[in-house]
Amino acid sequence: MEAIEFMIPNAWGSYLKDILSNIDVEKYDWIIGEMTEILGEGNHSIFDNPRMSGTDFFESINLSRYYIVHALFLALPKGISSEPARDFDDFSRSNCEMALIIIDCTDVNLYAKDPVEIQQFMINAVKNEFTEIRKVSDEIEMKKYFQPFF
């Protein structure tokens with residue numbers, strides 16, 4: 001498993017769409033951490049359910065603008081059930097293929113079990129002009145950033 005981290009602007013936008021634009025989000029089911037706070041128009045959460053189909057998730061992240069406070073998303077293969085990962089070790093053992101964590105509006109940590117996907121996410125982060133992009137492969141460092149948002 002590998003991870004990347006980078007910074008996104010502290011602003012209203014469609015950054016989830018930008019971050020995930022290199023993958024087919026509809027091929028996954030998504031678990032949304034209960035502490036996730038992403039505000040849409042009228043300062044209402046854009047995520048109402050703790051688990052979403054890829055199609056519903058895609059519709060939510062494609063809103064024209066929203067403000068990310070903090071978030072945790074886990075991607076599972078469509079139709080596969082899994083208990084929510086409570087920490088890095090749970091995630092490592094789970095059926096989850098990817099974890100996206102956003103802390104303090106700007107600090108993005110993205111974990112994937114497929115190293116090819118991490119490389120694609122790095123290319124995508126550069127294309128979107130995100131800053132402070134770096135690959136993280138040290139397990140101790142990965143554990144430090146994996147926040148239990150459930």
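This is a predicted model: local features need pLDDT of at least 70, side-chain atom pairs count only at pLDDT 80 or more; totals for chains, interfaces and linings use all residues.
Local features need pLDDT of at least 70 and side-chain atom pairs pLDDT 80 or more, while totals for chains, interfaces and linings use all residues. Residues are numbered from 1 along each chain as its sequence is written, and side-chain values use heavy atoms, with hydrogens and water left out.

**Exercise 1.** Work out which residues of H4 are buried and which are exposed.

*Solution.* 
- Start with the helix: H4 covers residues 115–127. Helices are DSSP runs of H or I with at least four residues, numbered from the N terminus.
- Next, apply the cut-offs: buried is under 20% relative accessible area and exposed is over 50%, with partly exposed in between (1.4 Å probe, protein chains only).
- Glu 117, Ile 118, Phe 121, Met 122, Asn 124 and Ala 125 come out as buried. They lie on the same side of H4 because their arc around the axis is only 165°, taken from the directions from the helix axis to the C-beta atoms.

**Exercise 2.** Take Asn 124 and find what its surroundings are.

*Solution.* 
- Asn 124 lies in helix H4, and its 5% relative accessibility is why Asn 124 counts as buried.
- Leaving aside neighbours within four places in sequence, Asn 124 is in contact (heavy atoms within 4.5 Å) with Asp 18, Ile 19, Leu 20, Ser 21 and Asn 22.
- Finally, look at the side chains: those of Asn 124 and Ser 21 make a polar contact at 3.0 Å. Such a contact is a pair of N or O atoms within 3.5 Å, and within protein one must be able to donate a hydrogen and the other to accept it; residues adjacent in sequence count only if both atoms are side-chain atoms.

Terms used:
Helices (H or I, at least four residues) and strands (E, at least two) are DSSP runs, numbered from the N terminus. The expected span of a helix is 1.5 Å times one less than its number of residues.
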